Amino acid sequence: MTATESTEQRLAHALKTRDAIIGVVGLGYVGLPLAHAAHAAGFRVIGFDVDQAKIDHLAAGRTYLDHLGDSIVQDLSASDRFRATSDLSELSEPDVISVCVPTPIGAHREPDLRYVVDTAKAIGRALRRGQLLVLESTTYPGTTRDDFLPALQGASPSGDLEPGRDFFVAYSPEREDPGRKSHSTRTIPKTVGGLDEASTELAQLFYSACVEQVHPVSSPEVAEAGKLLENIFRSVNIALVNEMKTVFAEMGIDIWEVIDAAASKPFGFMPFYPGPGLGGHCIPIDPFYLTWKAKEIGRPTRFIELAGEINTEMPAYVVHRSILALNESRRAIAGARVLILGLAYKPNVNDTRESPAFELIERFSELGADVEYSDPFIPETVPVRKHDLRMKSVELTPESVASFDLIVVVTNHDAFDYDLIAAHAQKIVDTRNAMRPYRDQLGGRLVLA
């Protein structure tokens, strides 16, 4: 390196030689796998998180995200190229900082950017020449340019640092899917869009070292919008099959068989599946980031909002079908013993973010039912955004299964003993088609919802 080389050239060289230090802020479902991917690429990595419990787990080599297994945490904790800290004053040390913090919504479905803004301010206070800052949190178009950058610059004591010359800013949306085995952080393509050409090229250089394919776009706004489109596409199509489910149920037609029939077409159709409601961070929340932003420019988002309405009505539909199922057994919902099978929002993980199971438990309880849950991945509940149930998982035995008037299948974990459930359940409302192999055996004891 020579004294005449630019800041961009020096950072590019450090990325190519793996001499750059990578910082990851937020060591959750997105940040921890990214930190591991950067470490596996040969970089030194510093993980930042305000949750000291995560830092302690990493130091001890213990996982706190069960779906990732122990190997990722053990690889990092045993390495002299990784350390984790809750001290955000050390953000001046990394050459690249990837921001992987939550972007929830408020009580009125308005975007809540406080974690993004607070992190930007923390980075700004430590900002130095030669850093690349990449926001990964899902958000509305314009956040990187209009919210993240101003918060960063406003907190920086070095007012003479210019973006695109002295430091670099880009957006690259996360695409993690907890529990998915077909892809990993390394094999999922990354989209990157910088505030300027230099930022895009540096972000592309960094991610190319960590993942197999990088797709550069012309701006952060394109990358931000692309992420929202991915999730809105899923939300709308899930809403479609959820609505068709309610129609076909009244016609005595099995929605699952209908989807299988349509999916036999080799082109022009992609199967989506109904459920008891939406869960996870992405689909229940992300579309509303665009609907909120669209209001600023006076554009309605009728399709997105209609999909949201349909999907949020699904827990009420499941409760309605459950009441009818109990009526068939001459049993009132008040006083009935109801077991929610699965608390996680998707199979084979311990992720309860926005899980419809919580709303179902509260709705059944409000109707006077005695409600419990069983989930092998979640031995007891912890407070979530809107719920604090303070419950413990029920072990499935022939006696416990038979003791419930109704079992509602919410999450189709592979670990459940469906043979036992089919043999001993009094009545089952199945929202996931988990009991399909047992339909003949169950007969009138099974209701699809």
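Is Trp292 buried, partly exposed or exposed, and at what relative accessibility? Trp292 counts as partly exposed, at 30% relative accessibility. The notes below concern a predicted model.

1. Aromatic pairs. The count of aromatic pairs comes to 7. In one of them, the ring centres of Tyr140 and Trp292 are 5.2 Å apart and the planes stand at 35°, so the pair is tilted. This pair links distant parts of the chain, 152 residues apart: Tyr140 is in the loop between strand S5 (132-135) and helix H6 (143-155), while Trp292 is in helix H10 (residues 282-296). Tyr140 is buried, with a relative accessible area of 5%, whereas Trp292 is partly exposed.

2. Aromatic cluster. Phe43, Phe206 and Tyr207 belong to one aromatic cluster.

3. Arginines over rings. Arg337 places its charged end over the ring of Phe404, 4.2 Å from the ring centre. Arg353 lies over the face of Tyr29, with a distance of 4.2 Å to the ring centre.

4. Salt bridge Glu90 to Arg83. The model has 24 salt bridges by count. In the one between Glu90 and Arg83, the closest N and O atoms are 2.7 Å apart. Glu90 is partly exposed at a relative accessible area of 22%, and Arg83 is partly exposed at 33%.

5. Salt bridge Glu230 to Arg175. These side chains meet at 2.6 Å, N to O. Glu230 lies in helix H8 and Arg175 in the loop between strand S6 (168-171) and strand S7 (190-194), so the bridge ties together parts that are 55 residues apart in sequence. Both ends are partly exposed: Glu230 has 27% relative accessibility, and Arg175 has a relative accessible area of 28%.

6. Salt bridge Asp405 to Arg331. Here the closest N and O atoms are 3.5 Å apart. The partners come from distant parts of the chain, 74 residues apart: Asp405 is in the loop between helix H14 (398-402) and strand S11 (406-409), and Arg331 is in the loop between helix H12 (314-328) and strand S9 (337-341). Asp405 counts as buried at 14% relative accessibility, whereas Arg331 counts as partly exposed at 29%.

7. Nonpolar surface patch. Val247, Met251 and Ile253 form a nonpolar patch on the surface, and together they have about 260 Å² of accessible area. Val247 lies in helix H8 (residues 220-251). Its relative accessible area is 40%, so Val247 is partly exposed.

Terms used: Residues are numbered from 1 along each chain as its sequence is written. This is a predicted model: local features need pLDDT of at least 70, side-chain atom pairs count only at pLDDT 80 or more; totals for chains, interfaces and linings use all residues. Side-chain values use heavy atoms; hydrogens and water are left out. Rings of Phe, Tyr and Trp (its six-membered ring) pair if their centres lie within 6.5 Å; planes under 30 degrees apart count as stacked, over 60 as edge-to-face and the rest as tilted. Helices (H or I, at least four residues) and strands (E, at least two) are DSSP runs, numbered from the N terminus. Buried means under 20% relative accessible area, exposed over 50%, partly exposed in between (1.4 Å probe, protein chains only). A charge sits over a ring if NZ of Lys or CZ of Arg is within 6 Å of the ring centre and within 35 degrees of the ring normal. Patches are made of residues with over 30% relative accessible area and no salt bridge: like charges are joined within 9 Å, nonpolar side chains (Val, Leu, Ile, Met, Phe, Trp, Tyr) within 5 Å. Accessible areas come from the Shrake-Rupley method with a 1.4 Å probe; for residues, only the protein chains shown count as cover. A salt bridge is a side-chain nitrogen of Lys or Arg within 4 Å of a carboxyl oxygen of Asp or Glu.
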